Amino acid sequence: MEKTTRRSVLALAAAAPAALAGAAGAQTAPPRPGNGRAALVTGSSRGIGAATAKRLAQDGFAVTVNYLTNRDLAAQVVRDIEAAGGRAIFRQGDVADPEAVKALFDANEEAFGGVDVVISNAAIMNTAPFAQFTDEAFDRMIATNIKGSFNVLREAARRTRDGGRIVTLASTSIKAMRATHGGYAATKAAQQIYAGCLSKELSGRRISVNALAPGPTNTDLLDVPPPLRAQAAQMTPYGRIGEPEDIANAIAALCSGDGEWINGQVVFANGGFL
Ligand SMILES: NC(=O)c1ccc[n+]([C@@H]2O[C@H](COP(=O)([O-])OP(=O)(O)OC[C@H]3O[C@@H](n4cnc5c(N)ncnc54)[C@H](OP(=O)(O)O)[C@@H]3O)[C@@H](O)[C@H]2O)c1
């Protein structure tokens, strides 16, 4: 009897690690925030938009990738997402054109049934002193950054499903007040107003709307010579400028369940640059 008991105890002890491992293995991973949901990211063929599309796909969202001219890059973003097990489509469309924006949302709806997360990211940056700014450079920036983002947010207001998330890209330049950045920073300050006003219009639908304001980030838009990049890196406590993935992570946090209570705000994601 004693022998049997000892044997049983020993057998139990031997089996315990395997049993525990089995129990741990049986635990299901927590559901990803995007599972069964869809996200649309404007200007996602490269830079912050591409990183955001990939990150949201990792989080389980089916993603609509948008581009203006770089079709091959947009196609590559979709291939990368699919290679990692995600779902994505890509569509050309100029955000400055309201009909193109509607068509972009239509394509997303056709592919994925609706939209839960909209990231208004597409923008251009033209900089010059006031005295030398051309009408053409200023007007194109207004058309893309102010009217374009308005077109996207208007469609998002009409179509985002309850419980969704809307993020529009502002910039730390709205605080920095740098010479030559007046026109660009003004278009980015508009995103703060858009987020605040739209968050209230969507009352009762649990849709958060925020402006995410990156600092200097390593993309084509940051078209400055290496010494200026180094200077920007030195101004950041981490000693580097941002990578697109740093910004994508911050956007993904806003789009997660934990982001719900952040609403109508400008969120600065700049590593402490300013
Ligand atoms: N990088 C920074 O340091 C920084 C700092 C603060 C804020 N931001 C903001 O972050 C956002 C992304 O910037 P980024 O640095 O990633 O820019 P980027 O590298 O220049 O990429 C811009 C993206 O927008 C697309 N795009 C441009 N005009 C468009 C239009 N009219 N319609 C549709 N798509 C258009 C481009 O498509 P194509 O490839 O087809 O041209 C590209 O995918 C912008 O809102 C920017 O203002 C950036």
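The end C-alpha atoms of residues 37–215 lie 29 Å apart, and this span is 50% helix and 21% strand, where helices (H or I, at least four residues) and strands (E, at least two) are DSSP runs numbered from the N terminus. Residues are numbered from 1 along each chain as its sequence is written. The structure is a predicted model, in which local features need pLDDT of at least 70 and side-chain atom pairs count only at pLDDT 80 or more, while totals for chains, interfaces and linings use all residues.

The protein chain contains nine helices and seven strands, and its C-alpha atoms fill a box of roughly 100 × 45 × 40 Å, taken along the principal axes. The mean pLDDT (the predictor's confidence in each residue, from 0 to 100) is 92 for the protein chain, with 90% of the residues reaching 70 or more. Confidence is highest in β2, at 99, and lowest in helix α1 (residues 2–26), at a mean of 42. Over residues 1–25 the pLDDT is below 50, and beyond near neighbours in sequence this stretch has zero contacts in the model, a contact being a pair of residues whose C-beta atoms, placed from the backbone, lie within 7 Å. Where pLDDT is low, the predicted coordinates should not be read in detail.

Of the contacts in the protein chain with a separation of 6 or more, 72% are accounted for by residues 24 or more positions apart. Buried residues make up 41% of the 274 residues in the protein chain; a residue is buried if 20 or more other C-beta atoms lie within 10 Å of its own, exposed if 12 or fewer, and partly exposed in between, with C-beta atoms placed from the backbone. Not counting residues up to four places away in sequence, alanine 53 touches Val41, Ser44, Val63, Val65, Val77, Ile81 and Ala88.

The ligand is surrounded by 33 residues, of which the closest are Gly43, Gly47, Ala123, Thr219 and Leu221; a residue is near a molecule or strand if its C-beta atom, placed from the backbone, lies within 6 Å of it. The elements that give two or more residues to this shell are α2 (47–58), β2 (62–67) and α5 (135–159), and the largest share, three residues, comes from α2.

Two residues other than glycine have a positive phi. Most residues other than glycine have a negative phi. Methionine 177, in the loop between α6 (173–176) and α7 (182–201), has a phi of about 55°, and this residue counts as exposed because it has 9 C-beta neighbours inside 10 Å. Arginine 206, in the loop between α7 and β6 (208–214), has a phi near 55° and counts as exposed because it has 12 C-beta neighbours inside 10 Å.

Notes. Contact = placed C-beta atoms within 7 Å.
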